[in-house]
Amino acid sequence: IPGDVDCLLFDSVELRGLKLSAVAKVAALIENQAPDILIAHRYKPFFIALLLRIKMFIPLILGVIHEYGFLRRRSRSILSRLWPDNVSLIAVSETICKEISSEFPHLSGRVHVVPHSMDEVHFIDSMTARQRLGIPRESYCFGVIGRLVWKKNHELLLRAFAELEEEPVLALVGDGPLKVDLEELALELGIDHRVIFCGHQENAKTLIRAFDSFVLPSGEEESFGVVLLEAMAASVPILSSDAAGPKSVISDSAITFRCDNKHDLVDKLKRMQSLTEQEIEDFASR
């Protein structure tokens, strides 16, 4: 990307309360050429952007909302009623837009949807990707890419996977605070020999063709799921929860299971294993 990039590396103390030291640093950086449009991702940068208006005139401020609950704190809700007319919000999915418009009707005309996108990806071939991830060449493989955090619902997937009578493998690509807990759960369920914890992988999306099926078990907290775009681009069949965020991405191009329902997930995992080549091609074309 041409141009300069400044990483300010604020610590947690600078981003508490009114964040005045952060505001001062950003103001000093841009005061010689105030921007025509200031785009702030997530709430803390958005709050800083609002305070910058005190120091300089900014024609348009856009706050980008990536998750649900952007304004659920009472203080944020109250402040939203004081925003000037040149402040608007960008939601990364239709479901986030509907949530904001429903819970905060006074903002309904200020929330716009610009869905996530993805860059072109040069996918690694299946066998090479499997070798890199340590997936057995001949095994049917369900794959997941994402941080090992509670909202991704990996526990539900492990419990459902444990009920499969066949001998597929499950590859979890990613790292996170729940890794040890999930490893212990796999051991407890007696499936640790069939669950591969691949850890963090650079450019993990390029490895997605290592999987026979891609699974997104996330619950209702999932607002989008960029990895679904990547799986579709790789023509890998998808099994996803029917949570509103993921459902808005996949439409009819995947098989879905009822969110948080282990028994339905078991049935749909079996369904994925039984897909014919023609069915896989049909999903890819959708």
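## Helices across the sheet

Helix H4 (residues 94-103) lies across E2, E3 and E4 and runs at about 170° to E4, where helices (H or I, at least four residues) and strands (E, at least two) are DSSP runs numbered from the N terminus. Helix H2 lies across E1, E2 and E3, at about 150° to E1. Contact here means heavy atoms within 4.5 Å, and axes are lines fitted to C-alpha atoms, for helices over the stretch in contact, with angles from 0 to 180 degrees between N-to-C directions.

The model is predicted, with local features needing pLDDT of at least 70 and side-chain atom pairs counting only at pLDDT 80 or more, while totals for chains, interfaces and linings use all residues. Residues are numbered from 1 along each chain as its sequence is written, and side-chain values use heavy atoms, with hydrogens and water left out.

## The sheet

The four strands form an open sheet in the order E1-E2-E3-E4, with parallel pairing; two strands pair if DSSP finds at least two bridges between them. E1 and strand E4 (111-113) are the edge strands, each pairing on one side only. Direction ignored, neighbouring strands of this sheet are turned by 25° against each other on average.

Between strand E2 (residues 60-65) and strand E3 (residues 87-91), the parallel pairing extends over five bridges. Ile-65 stands opposite Ala-91 in E3.

## Aromatic pairs

Rings of Phe, Tyr and Trp (its six-membered ring) pair if their centres lie within 6.5 Å, and planes under 30 degrees apart count as stacked, over 60 as edge-to-face and the rest as tilted. By this rule there are eight aromatic pairs. The ring centres of Tyr-43 and Phe-47 are 6.4 Å apart and their planes are at 25°, so this pair is stacked. Because Tyr-43 and Phe-47 are four residues apart in helix H2, about one helical turn separates them.

## Pockets

On a 1 Å grid over the protein atoms alone, a pocket is an open set of points where a 1.4 Å probe fits, with protein on both sides within 12 Å along at least five of seven lines, and lining residues have an atom within 4 Å of a point. The largest pocket has a volume of about 600 Å³, a volume being the space filled by probe spheres set on the points, which are joined across faces, edges and corners. Its lining has 25 residues, with Gly-146, Arg-147, Lys-152, Val-226 and Val-227 nearest the centre, and helix H8 (residues 226-233) gives the most, three residues.

The second largest pocket holds about 340 Å³ of space and is lined by 15 residues, among them Leu-8 and Val-26.
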